[in-house]
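Keep the structure open beside you as you go.

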Amino acid sequence: MLLQLDFESKTPIYRQIRDQVVLGIARGALRDGERLPSIRALAAESGVNMMTVSKAYALLREEGYIRADRRGGTTVCAPPGEGPVPEKTLRALRLVLSELRLAGLDETAALALCRSLLREGIAQAGDARRAQAPQEEKR
């Protein structure tokens with residue numbers, strides 16, 4: 001699992017790991033049931049402390065994006081995409097929308113930007129599914 005961590009960023013490394021796993025699930029690069037590296041393996045591969053990876057995995061588990069089983073390891077648990085949006089997500093979205101407004105975007109421009117980013121994510125998810133299809137046929 002290749003992560004692109006920015007060690008110069010003000011965003012904590014555990015949060016960068018969490019965010020990249022969530023983006024991978026949303027884009028279809030990580031699929032429901034797919035096995036993730038162990039904490040030890042991901043820490044070694046990424047050059048970070050095991051506690052950092054452990055904290056990211058704990059957050060992902062708490063949010064329902066992964067599940068851990070002592071025998072089966074850690075696997076992706078993609079949310080069904082149905083139901084209410086968590087309050088935490090709504091708070092983050094309100095903050096981002098406020099920042100866009102302060103940056104000078106009006107409602108039309110902000111919605112156009114959101115639409116563009118959603119379409120980008122949907123396109124990437126489709127690309128990831130198509131790339132994985134030939135691998136599954138080999139099995």
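**Exercise 1: α2 against α3**

In this predicted model, α2 and α3 pack with their axes 8 Å apart and at an angle of about 120°. Classify the orientation of the pair, then describe the contact between α2 and α3.

*Solution.* 
- Step 1: Angles of 65 to 115 degrees count as roughly perpendicular and those over 145 as roughly antiparallel, the rest being oblique. The angle here is about 120°, so α2 is oblique to α3.
- Step 2: α2 passes α3 in a right-handed crossing.
- Step 3: From α2, the contact draws on Ile39, Arg40, Leu42 and Ala43, and from α3 on Met50, Val53, Ser54 and Tyr57.
- Step 4: Sorted by type, the residues of this α2 and α3 contact are 6 nonpolar, 1 polar and 1 charged.

**Exercise 2: α1 against α3**

Now take α1 and α3, and work out how these helices are oriented to each other.

*Solution.* 
- Step 1: The axes of α1 and α3 lie 8 Å apart, and the packing angle is about 45°.
- Step 2: α1 and α3 are therefore oblique to each other.
- Step 3: The crossing of α1 past α3 is right-handed.
- Step 4: Ile13, Tyr14, Arg15, Ile17, Arg18, Val21 and Val22 of α1 meet Thr52, Val53, Lys55, Ala56, Leu59, Leu60 and Glu63 of α3.
- Step 5: That contact of α1 with α3 holds 9 nonpolar, 1 polar and 4 charged residues.

**Exercise 3: the core**

Which residues have the most contacts inside the largest nonpolar core?

*Solution.* 
- Step 1: This core has 19 residues, and Ile17, Val53, Tyr57 and Leu60 have the most contacts inside it.
- Step 2: α1, α2 and α3 each supply at least two of its residues, with α1 giving the most, 5 residues.
- Step 3: Beyond its neighbours within four places in sequence, Ile17 is in contact with Leu3, Leu5, Leu42, Thr52, Val53 and Ala56.

Definitions and conventions. Residues are numbered from 1 along each chain as its sequence is written. This is a predicted model: local features need pLDDT of at least 70, side-chain atom pairs count only at pLDDT 80 or more; totals for chains, interfaces and linings use all residues. Side-chain values use heavy atoms; hydrogens and water are left out. A nonpolar core is a set of buried Ala, Val, Leu, Ile, Met, Phe, Trp, Tyr and Cys residues joined through side-chain atoms within 4.5 Å. Buried means under 20% relative accessible area, exposed over 50%, partly exposed in between (1.4 Å probe, protein chains only). Helices (H or I, at least four residues) and strands (E, at least two) are DSSP runs, numbered from the N terminus. Contact means heavy atoms within 4.5 Å. Axes are lines fitted to C-alpha atoms, for helices over the stretch in contact, and angles run from 0 to 180 degrees between N-to-C directions. Angles under 35 degrees count as roughly parallel, over 145 as roughly antiparallel, 65 to 115 as roughly perpendicular and the rest as oblique. A crossing is left-handed if the near helix is turned anticlockwise from the far one by less than a right angle, and right-handed if clockwise. Ala, Val, Leu, Ile, Met, Phe, Trp, Tyr, Cys and Pro count as nonpolar, Asp, Glu, Lys and Arg as charged, and the others, Gly among them, as polar.
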